[in-house]
Amino acid sequence: MEVYALPWSEGKDLRLLLMAKILVVEDEQDLLNILKASLEAQGHKVDVSSDGADAIEKLGHFKFDLVILDWHLPNKSGIEVLSHHRNSGGQTPVLMLTGRNQAMDKAAGLDTGADDYLTKPFDEREFDARVRALLRRPHTFTGTVLALGDITIEQDTRRVFKSGKEIVLLPLEYNLLEFLIRHRGQSFSAEALLDRVWKTGTEVSEDAVRTVVKTLRRKIANPDGSSVIQTVYGVGYRASESTEK
Ligand code: CA
């Protein structure tokens, strides 16, 4: 998933626009078109399928951030698609679409590993809200992108970007930044960082930690010297979207 920090993400109200890759599995062509158009209008990349066997194949070959899955499908049912995906280790969040009054379906769907369900017919705004909620859950990320303020980290490639522009970090600087962003809002002393970020057994002093923090902050700082890594006086350091000096 690509994550972009928007201009209004400055300050405490951090909002991220999530550009997710979504698979929509639905055999009612009209509904499929509506859902696809709605998701694409929000900037998502949408792949479609209108049969269960095809959906299983797509889920086996491609990685998605979210699956919208109709219950009643030709070839394999939605529940078969879902259980196949979960049994083969698939973690992708699934929003099930069920017919009216199929309470049993809902229970079975959630038991099988659906993350949420919507009963047809549903309001498009309700659909959008459920999609947003599922994409906001941490586990819905493919585990590759972390973002805070204007800083984005691609964990797979260990690349760091500030407002989309790549910043080259040394391995220790990267490890430190990733750790602090992963634990955003929490403060860590130099000693705690030494313990948790540096390899055990390395002969480093807390001063060395402070030096790495300093160079890291300089590399990711704004022109006025502020950065997403702040000094917490008397405690240590923390990452937070409020970019105080
Ligand atoms: Ca159907």
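Trainee: Which residues in helix 6 meet which residues in helix 8?

Mentor: Contact means heavy atoms within 4.5 Å. Here Leu172, Glu173, Leu176 and Leu177 in helix 6 meet Val212, Val213, Thr215, Leu216, Lys219 and Ile220 in helix 8. This contact divides into seven nonpolar, one polar and two charged residues. Ala, Val, Leu, Ile, Met, Phe, Trp, Tyr, Cys and Pro count as nonpolar, Asp, Glu, Lys and Arg as charged, and the others, Gly among them, as polar. The model is predicted: local features need pLDDT of at least 70, side-chain atom pairs count only at pLDDT 80 or more, and totals for chains, interfaces and linings use all residues. Residues are numbered from 1 along each chain as its sequence is written, and side-chain values use heavy atoms, with hydrogens and water left out.

Trainee: Which residues coordinate the calcium ion?

Mentor: Donors are N, O and S atoms within 2.8 Å of the metal (3.2 Å for Na, K and Ca); water is not among the atoms, so sites may look incomplete. Asp27 (OD), Asp70 (OD) and His72 (O) coordinate the calcium ion, at 2.1 to 2.3 Å. Along the chain, the donors follow the spacing D-x42-D-x1-H.

Trainee: Is Asp70 buried or exposed?

Mentor: Buried means under 20% relative accessible area, exposed over 50%, partly exposed in between (1.4 Å probe, protein chains only). Asp70 counts as buried because its relative accessibility is 2%. His72, at 42%, is partly exposed.

Trainee: What share of the chain do buried residues make up?

Mentor: Buried residues make up 45% of the 245 residues.

Definitions and conventions:
Helices (H or I, at least four residues) and strands (E, at least two) are DSSP runs, numbered from the N terminus.
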